Amino acid sequence: MSEHIFILGATGGIGSQVVRRLLEATDDQVSSITLFVRDVKKAYEQFGEENFTSSSSTPSIKGKLRAVQGQIENTDASIESFIHAIKGHTRLFLLLTDMATMPDLKHKLGMHAYNAGVKQIVDISSFTYDWLLEGIISQAHSGGEDALRRLVKESPSSRSVVILRPGTFMSNHMIADVHSIKNEDTIYGPGHPSTRLAYVDQRDIGDVAATVLLDPIEKHAGAVYRVHPDVVSHEERARIFSKVLGREIKYVQIDYQPAYEHLRASGHGDHSFWYNLLLFSNRDHPHPTPEIVILTKRPQGRTLEEYIN
């Protein structure tokens with residue numbers, strides 16, 4: 001069966017990789033890919049206008065993409081636009097970023113998607129799901145996952161959800177660490193130098209999601225995949241930056257209060273987000289996960305050193 005796939009978050013780091021991977025699929029695998037985006041022009045520029053088709057034409061190998069202007073918010077108008085656009089699709093890639101509305105909004109979108117005939121939802125969650133609701137990131141993603149599972153239980157023979165739980169994004173280095181590295185040749189944090197962090201390149205998350213969207217639905221029904229193929233300690237992070245930049249970068253452990261102020265000074269996020277980042281710094285993750293090797297058949301996931309390079 002050739003799939004009709006609906007993508008939320010298509011122009012971001014994860015979603016854009018999903019789109020690129022799906023564009024490589026044959027017509028037998030994918031008939032159409034709908035991008036629900038705020039800025040249609042940006043989508044054309046990002047993926048090439050030659051890959052888009054109007055809704056009245058027949059998609060071919062090139063021209064599978066269709067851009068629908070819309071913004072996912074927890075409002076009646078936004079939900080109505082989604083309900084109209086999701087009709088006729090078989091699979092949904094679901095990525096939301098607003099923590100405050102995530103559980104309720106995932107429930108609404110999932111309900112309307114399944115009611116419209118969607119068979120599978122691939123949901124981007126977080127490895128913080130197991131943190132017993134400690135922090136807003138864990139609360140939001142736990143609530144979102146649980147809402148989707150309840151919907152599947154209502155009709156398990158016709159509904160499927162696959163959960164991806166990525167680790168810390170490698171791009172988080174660009175929030176606060178980039179400034180202290182540039183100005184002081186130092187990475188600051190409250191974590192012990194040997195504490196190992198679970199890292200993932202957003203492109204690896206996209207690769208896993210695209211693989212699931214292209215595989216038979218029954219293969220991954222109910223699956224939960226953790227995606228953090230690289231495990232790096234704080235002191236190892238400093239050595240990697242030293243190697244790539246060609247100058248010594250050191251890691252300095254500091255108390256939680258100055259670490260919090262350091263994040264706050266970055267201007268990115270809010271108290272709940274900064275608090276969660278501090279929680280990440282002292283949770284040890286001894287082992288990388290094997291999803292990249294098993295699902296995408298690549299020899300390994302992208303490493304932090306490759307990302308920084």
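Mentor: Let us start with Arg-66, which lies in strand β3. Strands here are DSSP runs of E with at least two residues, helices are runs of H or I with at least four residues, and both are numbered from the N terminus. This is a predicted model, in which local features need pLDDT of at least 70 and side-chain atom pairs count only at pLDDT 80 or more, while totals for chains, interfaces and linings use all residues. Residues are numbered from 1 along each chain as its sequence is written, and side-chain values use heavy atoms, with hydrogens and water left out.

Trainee: Why does Arg-66 count as partly exposed?

Mentor: Buried means under 20% relative accessible area, exposed means over 50%, and partly exposed is in between (1.4 Å probe, protein chains only). Arg-66 has 26% relative accessibility, so it counts as partly exposed. The C-alpha atoms of Arg-66 and Val-118 are separated by 17 Å, and these residues are 52 apart along the chain.

Trainee: Which sheet has β3 as an edge strand?

Mentor: It is an open sheet of seven strands with parallel pairing, in the order β3-β2-β1-β4-β5-β6-β10. Its edge strands are β3 (65–69) and β10 (224–227), each pairing on one side only. On average, neighbouring strands of this sheet are turned by 20° against each other, direction ignored.

Trainee: How do you know that β1 and β4 pair?

Mentor: Two strands pair if DSSP finds at least two bridges between them. Strand β1 (residues 3–8) and β4 have three bridges, in the parallel sense. For example, Ile-5 has Arg-91 in β4 as its bridge partner. With strand β5 (residues 120–124), β4 has four bridges, again in the parallel sense. There, Leu-92 has Ile-121 in β5 as its bridge partner.

Trainee: What makes both faces of β4 covered?

Mentor: In β4 (residues 91–94), Arg-91 and Phe-93 lie on one side, Leu-92 and Leu-94 on the other, and all of them are buried.

Trainee: Why are α3 and α4 called roughly parallel?

Mentor: Angles under 35 degrees count as roughly parallel, over 145 as roughly antiparallel, 65 to 115 as roughly perpendicular and the rest as oblique. Axes are lines fitted to C-alpha atoms, for helices over the stretch in contact, and angles run from 0 to 180 degrees between N-to-C directions. The axes of helix α3 (residues 76–86) and α4 cross at roughly 30° and come within 10 Å. That is why α3 and α4 are roughly parallel to each other.

Trainee: Which residues make the contact of α3 with α4?

Mentor: Contact means heavy atoms within 4.5 Å. From α3 come Ile-79, Phe-82, Ile-83 and Ile-86, and from α4 come Leu-105, Lys-108, Leu-109, His-112 and Ala-113. By class, seven are nonpolar, one is polar and one is charged. In this scheme Ala, Val, Leu, Ile, Met, Phe, Trp, Tyr, Cys and Pro count as nonpolar, Asp, Glu, Lys and Arg as charged, and the others, Gly among them, as polar.

Trainee: What about α4 and α5?

Mentor: Helix α4 (residues 102–115) and helix α5 (residues 136–154) pack at about 25°, with axes 8 Å apart. By the angle rule, α4 and α5 are therefore roughly parallel to each other. The contact of α4 with α5 has nine nonpolar, six polar and one charged residues.

Trainee: Is Lys-297 buried or exposed?

Mentor: Lys-297 has a relative accessible area of 66%, over the cut-off, so it is exposed. Lys-297 is found in the loop between α12 (291–296) and α13 (304–308), and it has a positive phi of about 65° although it is not a glycine.
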